[in-house]
Amino acid sequence: MAGNWAGLGAAVISFLYLYDRVANYIPFQIRDHLATFFHKVVSFVNPYDQITIHEYCGEYMQRDELYVASEAYLSSTCSSRARKLKADLGQESDKPSVTIDDYEEVIDTFRGVSVWWCACMRPNSHTISFYPNQEQRKYYRLTFHNRHRKLVEGEYLNHVLREGRDVTIRNRIRKLFTNNPSSNSDRYSSLWSHVAFEHPATFDTLAMDPEKKREIIDDLVTFCKGKEYYKKIGKAWKRGYLLYGPPGTGKSTMIAAIANFLEYDVYDLELTTVKTNTELRKIFIETTGKSIIVIEDIDCSIDLTGKRKEKEEKDDEEKDEKLPSCMEEKDENSKLTLSGILNFIDGLWSACGGERIVIFTTNHVEKLDPALIRRGRMDMHIEMSYCTFEAFKVLAKNYLGILEHDLFDTIQTLLSEVNISPADVAEGLMLKISRNEDVGACLMNLIRVIEAAKEEAKKKAQQKLAAQENKKSSKEESSVEKALNLEEKNSKNELAP
Ligand SMILES: Nc1ncnc2c1ncn2[C@@H]1O[C@H](COP(=O)(O)OP(=O)(O)OP(=O)(O)O)[C@@H](O)[C@H]1O
Ligand SMILES: [Mg+2]
């Protein structure tokens with residue numbers, strides 16, 4: 001239908017072209033009247049307006065976000081109505097995607113208003129381009145009745161952008177990013193490298209207290225649905241989690257489970273390769289929304305303890321010989337400091353992009369500066385503990401496919417007597433796969449592993465006690481020796497004339 005109107009419109013436009021050539025020979029009073037008249041005729045004959053959305057735009061000819069969103073939107077909402085389709089494996093997806101073929105017109109309806117979409121291609125410009133696919137110059141043509149122009153410009157295009165982005169996110173391959181060492185980056189290279197994120201951990205396979213798990217899941221759901229709430233309370237849409245506990249208790253596994261649950265990308269930030277606060281800010285700006293930024297073993301990444309105290313002391317010392325303020329700033333930016341990291345978590349920059357989760361992990365929570373982990377920065381502190389009986393039941397279900405067994409009571413008693421990590425328990429249960437043993441043999445193997453851990457713990461406790469006693473007795477000996485020496489000295493002094 002729009003095509004017919006377009007044909008009629010083309011005739012009128014040809015006429016107008018001719019008019020334009022002879023317009024200079026017509027007196028200007030008549031010319032103005034004619035121009036108004038022709039405009040009315042054009043609107044009457046072809047009351048349809050068009051918007052074109054080009055694939056590449058901007059100084060660096062990047063793919064236009066609205067074009068990408070329109071493509072995703074059309075393939076999800078309108079492709080069922082098209083007769084000519086094309087299929088390909090998108091760059092950011094692992095599923096074949098079916099889109100509407102070029103020059104196939106489809107109708108979409110928004111609030112009872114019909115609009116027409118068509119993927120077109122501009123004729124080859126015969127120019128040599130440095131940018132990929134630029135010579136193809138694809139674009140979408142959106143046609144609509146001019147009385148709906150406000151609706152299309154004001155609401156429909158936003159609707160397409162929003163829906164299209166959602167479809168893109170749903171279909172993409174999720175990514176695991178790591179920051180490139182600062183020495184490798186130049187002005188043009190990206191600060192992050194990535195691979196596909198394929199960790200299979202989920203909250204179902206994560207062994208921990210079920211109540212604690214429920215609490216974390218509820219918190220995550222509240223966060224990801226909380227866009228409007230965060231806006232209302234004037235807070236950046238982000239949340240911080242501190243995961244702490246001994247090695248092998250599932251901190252990294254928990255991060256993977258969170259990423260899979262929320263379908264977020266993961267940015268694994270290696271702080272030791274970041275040299276300055278400025279670099280940290282740049283790295284942060286290059287992250288996208290719907291992502292988790294992880295700093296593992298934060299206590300080992302940078303000396304965060306006592307930095308503030310040191311700084312305060314230094315400030316006192318330096319009061320007399322104070323540097324000019326610009327030099328102070330330069331010094332601060334030329335290295336990575338605790339305050340740089342605090343800014344990264346909740347400074348003004350932290351609000352850009354939105355929908356981000358920051359996770360720190362540590363084996364030694366007591367070593368961290370309280371400022372780094374205070375509520376508001378790290379909103380939830382999650383302790384990953386040694387294996388409890390509840391956690392063991394999850395592992396037994398995952399590894400052996402059982403919910404109960406006669407040996408469970410023995411294992412429960414043993415687990416209450418010794419600290420053993422879920423990683424060690426999981427290793428004890430792996431026998432089923434590695435040697436294809438039956439369930440009973442696997443549980444017996446686990447019992448042996450826990451008993452060995454118990455023996456080891458006992459031995460260590462005895463050694464510690466012995467060392468403490470040794471220290472105590474050597475202290476006592478030295479104090480007796482000191483007392484004897486003193487006595488000897490005193491008696492010598494008394495004998496002296
Ligand atoms: N709570 C858990 N639930 C399920 N599996 C676990 C759990 N804890 C550990 N594991 C298993 O042990 C392995 C090591 O766990 P993970 O790397 O998550 O420990 P971690 O706490 O990050 O250790 P580290 O402090 O050394 O980094 C995982 O691959 C997983 O198979
Ligand atoms: Mg870990």
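Two strands are taken to pair if DSSP finds at least two bridges between them.

**View 1. Overall fold of the predicted model.** The model shown is predicted. The secondary structure of the protein comprises 18 helices and 15 strands. The chain has 497 residues, of which 23% count as buried. Among contacts with a separation of 6 or more, 73% link residues 24 or more positions apart.

**View 2. Domains and the contact of domain 2 with domain 3.** The protein is divided into domain 1 (47–170), domain 2 (176–383) and domain 3 (386–490). Domain 2 contributes 10 residues to its contact with domain 3, which contributes 12 residues. On the domain 2 side, the residues touching domain 3 are 5 nonpolar, 4 polar and 1 charged.

**View 3. The open sheet of 7 strands.** The strand order is β10-β9-β12-β13-β14-β11-β15, with mixed pairing. From one strand to the next, the twist averages 20°.

**View 4. Pairing of β9 with β10.** Strand β9 (residues 175–179) runs antiparallel to β10, and 5 bridges join the two. One of the residues in this view is F177, whose bridge partner in β10 is H194.

**View 5. Helix α7 on the sheet.** Helix α7 (residues 251–262) packs on the sheet. The strands touched by α7 are β11 (238–244), β12 (265–268), β13 (291–295) and β14 (356–362). The direction of α7 makes about 170° with that of β13.

Notes:
Residues are numbered from 1 along each chain as its sequence is written. Chains are lettered from A and ligands numbered from 1 in the order in which they are written. This is a predicted model: local features need pLDDT of at least 70, side-chain atom pairs count only at pLDDT 80 or more; totals for chains, interfaces and linings use all residues. Domain bounds come from an automatic or database domain assignment. Two residues are in contact if their C-beta atoms, placed from the backbone, lie within 7 Å. Ala, Val, Leu, Ile, Met, Phe, Trp, Tyr, Cys and Pro count as nonpolar, Asp, Glu, Lys and Arg as charged, and the others, Gly among them, as polar. Helices (H or I, at least four residues) and strands (E, at least two) are DSSP runs, numbered from the N terminus. Axes are lines fitted to C-alpha atoms, for helices over the stretch in contact, and angles run from 0 to 180 degrees between N-to-C directions. A residue is buried if 20 or more other C-beta atoms lie within 10 Å of its own, exposed if 12 or fewer, and partly exposed in between; C-beta atoms are placed from the backbone.
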